[in-house]
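Work through the exercises below with the model open beside you. Try each task before you read its solution.

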Amino acid sequence: MQIIQTPIIFNNTITKFNIFDYQYYKQRYSDQGGPNGHIGLDIVSYCLERDKCWEPFQTEITKEILETNPDGIFIDIGCHLGYYSVLASVIGNKVKSVDACEDFLHMFKDTIKTNNLTNIEIFNTTVDENFKLSDIHYDDEKIALIKVDIEGFEDELVNSIECLLDKKKILNIILEISPNLNDKYPSICRKIHNFGYKIFDLGLSH
């Protein structure tokens, strides 16, 4: 993999973030007429190098939630390169990060090591019908925020946390929706709402 580092400032703290060299992959695959879906053509990497930020509005909401709940855990389901996990770590929250892609997690682990972050625990697992949040989380731990970005498998994730929603062990959820991958989002939102949660639309990301 062609990887570069870019400085990202979280809470006045400079972190050295490992990202894909987007321009390298763009040039390489443009010349070859190659696949737009190559892993190195990563929009998160592109924005972090260019803007030093990914999803500014969601970043600010995440920061506000975690700063308000410093003793709560942040669970990052679909952590990708670890952008939100690192943000939570720098703020001071205990972090549990989940992703199925070993390439992403390899880069993320290097970011953790480079910046001497000690409060992040990584789980290489897939969210599917067999996924159980209880395998990585104990019921007595308060969850300040779960961020979910898993490309259409949100129903399986929500099914796995129903008991925690019922007990109000989860204070906040940020759930990315991709209607081209899943047509169940209205029912998923109704299910969460029926447990007493308010639903808000954060708007479109990149």
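The exercises cover cores, aromatic rings, a surface patch and salt bridges.

This is a predicted model, where local features need pLDDT of at least 70, side-chain atom pairs count only at pLDDT 80 or more, and totals for chains, interfaces and linings use all residues. Residues are numbered from 1 along each chain as its sequence is written, and side-chain values use heavy atoms, with hydrogens and water left out.

**Exercise 1. Find the residues that touch the most other members of the largest nonpolar core.**

Solution. 
- Start with the terms. A nonpolar core is a set of buried Ala, Val, Leu, Ile, Met, Phe, Trp, Tyr and Cys residues joined through side-chain atoms within 4.5 Å. Buried means under 20% relative accessible area, exposed over 50%, and partly exposed in between (1.4 Å probe, protein chains only).
- The largest core has 35 residues, and Phe17, Leu48 and Tyr83 touch the most other members.
- Next, see who supplies it. Contributors of at least two residues each include strand 1 (3-10), strand 2 (13-20), helix 2 (43-51) and helix 4 (83-91). Helices (H or I, at least four residues) and strands (E, at least two) are DSSP runs, numbered from the N terminus.
- A second, separate core has 24 residues, among them Val98, Ile150, Leu165 and Ile188.
- As background, nonpolar side chains tend to be buried together in soluble globular proteins.

**Exercise 2. Trace the surroundings of Tyr83.**

Solution. 
- Set aside neighbours within four places in sequence. Tyr83 is then in contact (heavy atoms within 4.5 Å) with Ile8, Phe10, Phe17, Leu48, Cys53, Trp54 and Thr59.
- Thr59 sits in helix 3 and is buried at 6% relative accessible area.
- Now the rings. Rings of Phe, Tyr and Trp (its six-membered ring) pair if their centres lie within 6.5 Å; planes under 30 degrees apart count as stacked, over 60 as edge-to-face and the rest as tilted. The count is eight aromatic pairs.
- Phe17 and Tyr83 form a tilted pair, 6.5 Å centre to centre with 55 degrees between the planes. Phe17 lies in strand 2 and Tyr83 in helix 4, so the pair ties together parts 66 residues apart in sequence.
- Tyr83 and Tyr84 have ring centres 5.0 Å apart and planes at 85 degrees, so this pair is edge-to-face. Both Tyr83 and Tyr84 are buried.
- Elsewhere, ring pairs link Phe20, Tyr24, Tyr25, Tyr29 and Phe104 into a cluster.

**Exercise 3. Which parts of the chain does the Lys96–Glu141 pair tie together?**

Solution. 
- A salt bridge is a side-chain nitrogen of Lys or Arg within 4 Å of a carboxyl oxygen of Asp or Glu. The structure holds eight.
- Lys96 and Glu141 form one, with the closest N and O atoms 3.2 Å apart. Lys96 lies in strand 4 (residues 95-99) and Glu141 in the loop between strand 5 and strand 6, so parts 45 residues apart in sequence are tied together.
- Both Lys96 and Glu141 are buried. Lys94 joins Lys96 and Glu141 in a network of salt bridges.
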